[in-house]
Amino acid sequence: MNDATTLRQEAWTSFEHMDDSRIPFSRPYRAANELRNLTSVLESGYVHGDGPFTKSATERLRAMFPRAGVLLTASGTHALDMATHLLEIGPGDEVILPSFTFPSAATAVALTGAVPVFVDIDDATGNIDPSVIEAAITPATKAISIVHYAGVAADLIELERISRTHSLPLIEDNAHGLGASFHGRPLGTFGALAAQSFHDTKNVHSGEGGALVINDPQLFERAEIIREKGTDRSRFLRGQVDKYTWTDIGSSYLMSELNAAVLDAQLAEFRQIQDARHHVWNRYASELSDWATSNGVRLMNPEPAAAHPAHMFYAVLPDTQSRDALLAHLQAEGIIATFHFIPLDSSPAGRRLGRTPTPCVRSEDFSSRLIRLPLWAGLDDEAVSRVIEQVTRFEFAGTSRG
Ligand SMILES: *Cc1c(COP(=O)(O)O)cnc(C)c1O
């Protein structure tokens with residue numbers, strides 16, 4: 001773990017001091033109208049939340065999530081926090097989630113005083129394994145929180161069945177999955193609530209930012225209140241009440257207009273962003289396929305029903321040693337590849353705050369062998385060729401490659 005942490009820190013350091021020949025893992029997208037939008041916010045005198053760019057960006061997102069309510073938040077983490085509050089999760093409750101996910105999904109549970117319960121993944125996708133969920137359900141279970149890893153749909157058929165059978169709402173962490181779908185239906189529309197992230201490592205960003213997608217219409221009004229410090233300010237702004245007052249718990253989860261101005265410009269170019277990312281993803285998939293087959297490497301390979309958004313391209317190496325060696329080889333060649341989530345069940349906070357009915361061995365194994373390659377809109381063909389060349393040149397220890 002320590003080696004891995006060091007590698008990641010080096011990755012960040014080299015990102016900050018990057019010379020031109022280095023290929024970073026990720027680079028925030030630049031949209032044409034960002035500066036114009038930012039200037040107009042600053043000059044308008046309306047810089048806090050819920051202004052014209054918030055409205056415009058929200059409308060663009062609503063077009064992607066039919067029948068859902070959408071509220072912009074300051075981060076994806078805040079959207080997850082709002083979700084656990086809205087589902088009235090609290091002390092004595094449990095929420096089931098995969099060990100292989102981002103810490104925010106677990107802190108959103110722990111912050112309410114409830115216990116995150118970690119279960120293992122299906123290592124074909126990195127997503128929660130529905131077959132182990134039912135054994136983890138207790139009378140205290142209040143919800144199931146999932147992530148669509150790499151924007152590839154979790155097994156939603158089984159998850160919806162379990163959710164219905166046990167009356168447990170689903171929370172979707174769709175931070176990777178904007179624009180992805182399952183049998184044609186957008187990810188983010190399956191759970192009672194879903195979280196989007198617009199952190200600058202995501203396909204579309206606002207620096208920091210997020211959105212809560214509200215598919216259960218009964219939760220919308222309270223979501224507005226929780227996002228506005230527990231007040232009915234949103235209703236006041238619409239003229240529905242003549243003064244606003246404290247009515248519930250909440251926090252300041254709103255996105256500022258400055259961030260919304262960037263987000264709106266980015267969403268306007270969503271098609272171009274996605275086309276550019278898919279171009280890179282498709283090249284990795286086709287040009288690394290022979291290399292993968294002959295070296296026992298498994299490339300990310302989603303089923304056709306799970307249309308992915310080219311958020312990431314990953315490969316699962318035969319063992320941890322070769323994964324670490326490939327990371328080091330690429331780093332030495334000026335290419336920043338990275339591993340990903342460290343399983344939460346064995347993390348310090350996971351042990352202290354969570355419960356793990358059965359050790360999450362597949363999460364551990366998947367995490368220890370996974371590598372993600374550079375992928376962003378604007379990574380040009382020459383750079384992609386360089387990454388592919390260096391990956392295929394890598395010498396596996398103990399193999400003779402002629
Ligand atoms: C980025 C990310 C988050 C957190 O989003 P923030 O906007 O950074 O708070 C949560 N879950 C997953 C899977 C993510 O990738």
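Let's begin at Ser 167. Ser 167 has 63% relative accessibility, so it counts as exposed; the cut-off for that is over 50%. Keep in mind that this is a predicted model. Where does Ser 167 sit? Its place is in the loop between H7 and E7. Now the backbone. Ser 167 is not a glycine, yet its phi is positive, at about 50 degrees. Most residues other than glycine have a negative phi.

There is a second case. Ala 310 also is not glycine, and its phi is near 50 degrees, a positive value. Find Ala 310 in the loop between strand E13 (306-307) and strand E14 (314-316). Is Ala 310 buried or exposed? Ala 310 is buried, with a relative accessible area of 0%.

Back to H7. This helix covers residues 156-165, and Ile 157 lies in it. Ile 157 has 57% relative accessibility, so it counts as exposed. Here is a distance for scale. Ile 157 and Leu 379 are 222 residues apart in sequence, and their C-alpha atoms are 35 Å apart in space.

Next, the sheet. How many strands form it? There are 7, in an open sheet. Read the order as E1-E11-E10-E7-E6-E2-E3, with mixed pairing. At the edges stand strand E1 (69-73) and strand E3 (115-119). Each has a single partner strand, so one side of each is left without a neighbour in the sheet. On average, neighbouring strands of this sheet are turned by 20 degrees against each other, direction ignored.

Let's take the pairs one at a time. Start with E1. Its partner is strand E11, residues 210-214. The two run antiparallel and are joined by 5 bridges. Val 70 has its bridge partner in E11, and that partner is Val 213. Helix H3, residues 52-62, lies across E1 and E11. H3 runs at about 135 degrees to E1.

Now E6, residues 141-147. Of its 7 residues, 6 are buried, and the strand is mostly covered. Strand E2, residues 94-98, runs parallel to E6, with 3 bridges joining them. In that pair, Ile 96 has Ile 144 as its bridge partner in E6. E6 also pairs with E7, again in the parallel sense, over 4 bridges. Here Ile 144 has Leu 170 of E7 as its bridge partner.

On to helix H4, residues 76-86. How many of its 11 residues are buried? The count is 8, so H4 is largely enclosed by the rest of the structure. Among the buried ones are Gly 76, Leu 80, Asp 81, Met 82 and Leu 86. What do they pack against? The list is E1, helix H5 (103-110), strand E7 (170-173), strand E10 (193-197), E11 and helix H8 (220-227).

Now the nonpolar cores. In soluble globular proteins, nonpolar side chains tend to be buried together. In this model, the largest nonpolar core has 64 residues. Which ones touch the most other members? They are Tyr 149, Tyr 284, Leu 288, Trp 291, Tyr 314 and Leu 373. Helix H16, residues 381-393, gives the most to this core, with 5 residues.

Let me pick out Leu 288. Leaving aside residues up to four places away in sequence, Leu 288 touches Arg 283, Leu 299, Phe 313, Leu 373, Ile 388, Val 391 and Thr 392.

Last, the whole chain. It has 16 helices and 15 strands. Its radius of gyration is 21 Å, close to the 21 Å that the globule rule gives for 402 residues, so the chain is as compact as a globular protein of that length. The C-alpha atoms fill a box of roughly 80 × 55 × 40 Å along the principal axes. Of the 402 residues, 55% are buried. Take contacts between residues at least 6 apart in sequence: 71% of them join residues at least 24 apart. The accessible surface is about 17400 Å², and 52% of it belongs to carbon and sulfur atoms.

That's the tour. Questions, please.

Note on methods: Residues are numbered from 1 along each chain as its sequence is written. This is a predicted model: local features need pLDDT of at least 70, side-chain atom pairs count only at pLDDT 80 or more; totals for chains, interfaces and linings use all residues. Side-chain values use heavy atoms; hydrogens and water are left out. A nonpolar core is a set of buried Ala, Val, Leu, Ile, Met, Phe, Trp, Tyr and Cys residues joined through side-chain atoms within 4.5 Å. Buried means under 20% relative accessible area, exposed over 50%, partly exposed in between (1.4 Å probe, protein chains only). Contact means heavy atoms within 4.5 Å. Two strands pair if DSSP finds at least two bridges between them. Axes are lines fitted to C-alpha atoms, for helices over the stretch in contact, and angles run from 0 to 180 degrees between N-to-C directions. The radius of gyration is taken over C-alpha atoms; the globule rule is 2.2 Å times the number of residues to the power 0.38. Accessible areas come from the Shrake-Rupley method with a 1.4 Å probe; for residues, only the protein chains shown count as cover.
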